[in-house]
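Subject: Structure for you to look at

Hello,

The structure we talked about is below, followed by notes on what was found in it. Please read the notes with the structure open.

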Amino acid sequence: MSRTPVRVLCLSGHDPGGGAGIHADIESVAAQGAHALSVITALTVQDSADVRRIAPVDVELVMEQVRCLLADGVVAALKIGLLGDAGLVPALAGLAGRLRVPVVLDPVLRAGGGTELAGQALRTAVLEQLLPQVSVLTPNAAEARRLAPGAATLGQAAQELLARGCGAVLVTGGDEPDPDVVNTLYRHRAAPRRWHWPRWPETFHGAGCTLAAALAARLALGEPIERAAQQAQAWTQDCLAQALTVGSGRRIPGRSCR
Ligand code: PLP
């Protein structure tokens, strides 16, 4: 018997250690019951501690893969992670506008180990061109503040990002000093929705990618945003409880081998 799974088109960087990026996308999307189409935007040299080098994939090669996949079947959501090259942004903004499916953008600005992953040109292109096409932006607190540097509070940062045209902003608080991890979903004309999760005594490599990809899959499967955000967070939390030691740096979410 043949089955046709719901497909999520993922555009992300490759982390050869398997913690973040496209590895996280494929495993997270599969675990929600959908199928990931995986287009790599950048190769990286990194270990479980930090990123050492990013080599963006040629923009035309990325978009040729996208066009080839889209001509072959229907996708139900788009998940965008590390971009690597500002030149990719106009093409992705055009694609997102045409596809009319939920778009989850994880604005990967800096690796947990500290390396910068997006320069000023890329940040500006994302804010000005891609954000109006995004359904849910998933910054951590530091990323939200960097994307809205004029804002006095995290809530104001989220409102500024909403005003740039995205549908919702899910700010994660794993990088904040609160005793719990507090994640907040901001939407237009709705009160913020907060979730409190127990904080682990360590930070993980690839947690943000895991959450964003699980969210994209759940939106692809038709869940409304609040439920999709709840379920994606709960599943990510479960993966952190099963974290794997794959190197001598940070542990990665236990998504597949448990
Ligand atoms: N490498 C790739 C390809 C990524 O997409 C990301 C984050 O999204 C990272 C590295 C950094 O991940 P983290 O900040 O969780 O260590």
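The strands form an open sheet of nine, in the order β3-β2-β1-β4-β5-β6-β7-β8-β9, with mixed pairing. At its edges are β3 (51-56) and β9 (193-197), each of which pairs on one side only. Strands pair here if DSSP finds at least two bridges between them; the strands (E, at least two residues) and helices (H or I, at least four) are DSSP runs, numbered from the N terminus. Strand β7 (residues 168-171) runs antiparallel to β8, with four bridges between them, and A168 stands opposite R187 in β8.

This is a predicted model: local features need pLDDT of at least 70 and side-chain atom pairs count only at pLDDT 80 or more, while totals for chains, interfaces and linings use all residues. Residues are numbered from 1 along each chain as its sequence is written, and side-chain values use heavy atoms, with hydrogens and water left out.

Nonpolar cores

A nonpolar core is a set of buried Ala, Val, Leu, Ile, Met, Phe, Trp, Tyr and Cys residues joined through side-chain atoms within 4.5 Å, where buried means under 20% relative accessible area (1.4 Å probe, protein chains only). The largest core has 41 residues, and those touching the most other members are L11, I80, L83, L92, L130, L137 and V169. Helix α3 (residues 88-99) supplies the largest share of this core, six residues. A second, separate core has 29 residues, including I22, L185, W197 and W235.

V169 has contacts (heavy atoms within 4.5 Å) with L137, P139, A158, L161, L162, T184, L185 and Y186, leaving aside residues up to four places away in sequence.

Pocket and cavity

On a 1 Å grid over the protein atoms alone, a cavity is a set of points where a 1.4 Å probe fits but cannot get out; a pocket is an open set with protein on both sides within 12 Å along at least five of seven lines, and lining residues have an atom within 4 Å of a point. Grid points are joined across faces, edges and corners, and a volume is the space filled by probe spheres set on the points.

The largest pocket holds about 1100 Å³. It is lined by 48 residues, of which N140, F204, G206, A207 and G208 are the closest to its centre. Elements giving two or more residues to this lining include β1 (7-14), α7 (207-220) and α8 (225-241).

The largest cavity holds about 100 Å³. Among its 15 lining residues, V108, L109, A118, L122 and V126 are the closest to its centre. Helix α4 (residues 120-130) gives the most to this lining, three residues.

Regards

Methods. Buried < 20%, exposed > 50% of the residue type's maximum accessible area, 1.4 Å probe, protein only.
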